[in-house]
Each structure stands twice: as C-alpha cells, then as structure tokens.
Amino acid sequence: MGFGDTVQQAIHAGTGVPRLYTAALQAGLGPSGAFEVLRISRAALATAAQHGRGVPGRSNAMRHFMWQAALTARFGLDAARSIAMAQEAGSPHRRDSRADEHNNAAGQAYGAEHADELAGLTPSEATASLVPVALAMWESGDLVWVSPRS
C-alpha cells in the first residue's frame with residue numbers, strides 16, 4: 001500500500017462521523033435522529049469489538065450487521081440504506097465495501113423483520129441482543145469478510 005492509499009484511508013476514516021451525521025439529516029431524521037444514528041454506530045462498534053475479536057473479519061462483519069439491524073428497526077429500511085451507502089461512499093477498498101454491503105443487507109433484513117423487538121431498546125441493549133444472532137450468522141457463513149490477498 002502506497003502513501004496515497006494511506007492518506008485516502010485516513011481521510012475516509014476521519015470523516016466518518018460528519019458523513020454519518022449528514023447522511024442521517026439527508027434521510028430526514030433531523031438533528032436528534034442524526035445524533036441517535038451516531039449512538040447506534042458507537043454501540044455497534046463497541047459491541048462488535050468486544051464480542052467479535054479473535055477471528056479475522058468477524059468484528060467488522062458483526063459491526064455492519066448489528067449497526068444496520070438497529071438502524072433499520074429504529075428508522076426504517078430507506079433511512080438505514082441511505083446511511084449505509086453514505087458510509088461506503090468514497091471507500092478506498094471496493095472489495096471490503098462489497099463485503100460490508102452484504103453484511104449491511106443482512107442487518108437490514110433482520111432489523112426489518114424484528115423491528116418490534118429492537119426499536120424500543122437503547123443502542124447498547126439493541127446491539128447486545130444482536131450478538132448471538134450475529135455470531136450464529138457468522139458461523140453459518142451468512143456474514144462475510146474479505147481475506148487479505150497474499
């Protein structure tokens with residue numbers, strides 16, 4: 001990976017919070033909804049880091065699944081899709097984005113199907129309740145990751 005790739009990754013990572021907040025506003029969620037999107041994103045990141053570590057790719061796959069399931073349950077499929085697309089926009093790693101899109105879609109489907117169970121939970125409660133589901137989906141191959149090229 002060259003210097004230009006490293007700079008592009010840093011820019012993409014460093015603009016994540018403003019990108020998510022702006023995407024939420026553009027999805028019509030308003031400032032309080034946009035703030036809730038950030039809370040859900042933080043909860044998914046923390047929960048996946050805690051429960052997904054130790055196996056390459058699992059934490060990232062779980063994070064995308066839980067994040068989109070919680071967003072879909074709380075704000076609906078259109079808003080969750082819009083926010084997910086904004087997050088992947090400008091990503092320097094197309095292969096990784098395809099895996100993220102797959103895991104996002106799995107989360108969206110689960111969140112839509114289980115909205116009544118998830119929507120009333122706090123972000124931390126929602127992501128915690130999704131851990132066993134995400135782990136089972138990982139084990140069954142329903143969540144995917146991109147292995148590094150040798």
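Read along the sequence, the protein follows the pattern α-α-α-α-α-α-α-α, and the predicted model thus contains eight helices and zero strands. Helices (H or I, at least four residues) and strands (E, at least two) are DSSP runs, numbered from the N terminus. Residues are numbered from 1 along each chain as its sequence is written.

Of the 150 residues in the protein, 41% are buried, where buried means under 20% relative accessible area, exposed means over 50%, and partly exposed covers the range in between (1.4 Å probe, protein chains only). The protein exposes about 7800 Å², of which carbon and sulfur atoms supply 57%; accessible areas come from the Shrake-Rupley method with a 1.4 Å probe, and for residues only the protein chains shown count as cover. Among contacts (heavy atoms within 4.5 Å) with a separation of 6 or more, 68% join residues 24 or more positions apart.

The largest nonpolar core has 18 residues. A nonpolar core is a set of buried Ala, Val, Leu, Ile, Met, Phe, Trp, Tyr and Cys residues joined through side-chain atoms within 4.5 Å. In the largest core, the residues with the most contacts inside it are A24, L29, V37, W67, L71 and I83. Helices α2 (16-26), α3 (30-52), α4 (58-75) and α5 (77-88) each supply at least two residues of this core.

One member of the largest core, A24, is found in helix α2. A24 counts as buried because its relative accessible area is 0%. Not counting residues up to four places away in sequence, A24 touches L29, G30, A34, V37 and I83. The C-alpha atoms of A24 and A86, 62 residues apart along the chain, are separated by 9.2 Å.

Helix α4 holds A69. With a relative accessible area of 0%, A69 is likewise buried. Leaving aside neighbours within four places in sequence, A69 is in contact with G107, Q108, Y110, G111, L118 and L130. Of these, G111 lies 42 residues from A69 in sequence, and the two are 3.9 Å apart in space, C-alpha to C-alpha.

L77 belongs to helix α5 and counts as partly exposed because its relative accessibility is 28%. Residues up to four places away in sequence aside, L77 touches T72 and Q108. S97 has its place in helix α6 (residues 94-113) and is buried, at a relative accessible area of 1%. S97 and W145, 48 residues apart in sequence, are 9.7 Å apart in space, C-alpha to C-alpha.

Rolling a probe the size of a water molecule over the atoms shows where empty space is left. On a 1 Å grid over the protein atoms alone, a cavity is a set of points where a 1.4 Å probe fits but cannot get out, and lining residues have an atom within 4 Å of a point. Grid points are joined across faces, edges and corners, and a volume is the space filled by probe spheres set on the points. By this rule the count comes to one cavity of 30 Å³ or more, and about 30 Å³ of space lies in the largest cavity. The lining of the largest cavity consists of I40, A70, A73, R74, L118, A119 and A126. Helix α4 contributes the largest share of this lining, three residues. By class, the lining divides into six nonpolar, no polar and one charged; Ala, Val, Leu, Ile, Met, Phe, Trp, Tyr, Cys and Pro count as nonpolar, Asp, Glu, Lys and Arg as charged, and the others, Gly among them, as polar.

Definitions and conventions: Predicted model: local features only at pLDDT ≥ 70, side-chain atom pairs only at ≥ 80, totals over all residues. Heavy atoms only, no water. 1 Å grid on protein atoms, 1.4 Å probe; cavity = no way out; pocket = protein on both sides within 12 Å on 5 of 7 lines; lining within 4 Å.
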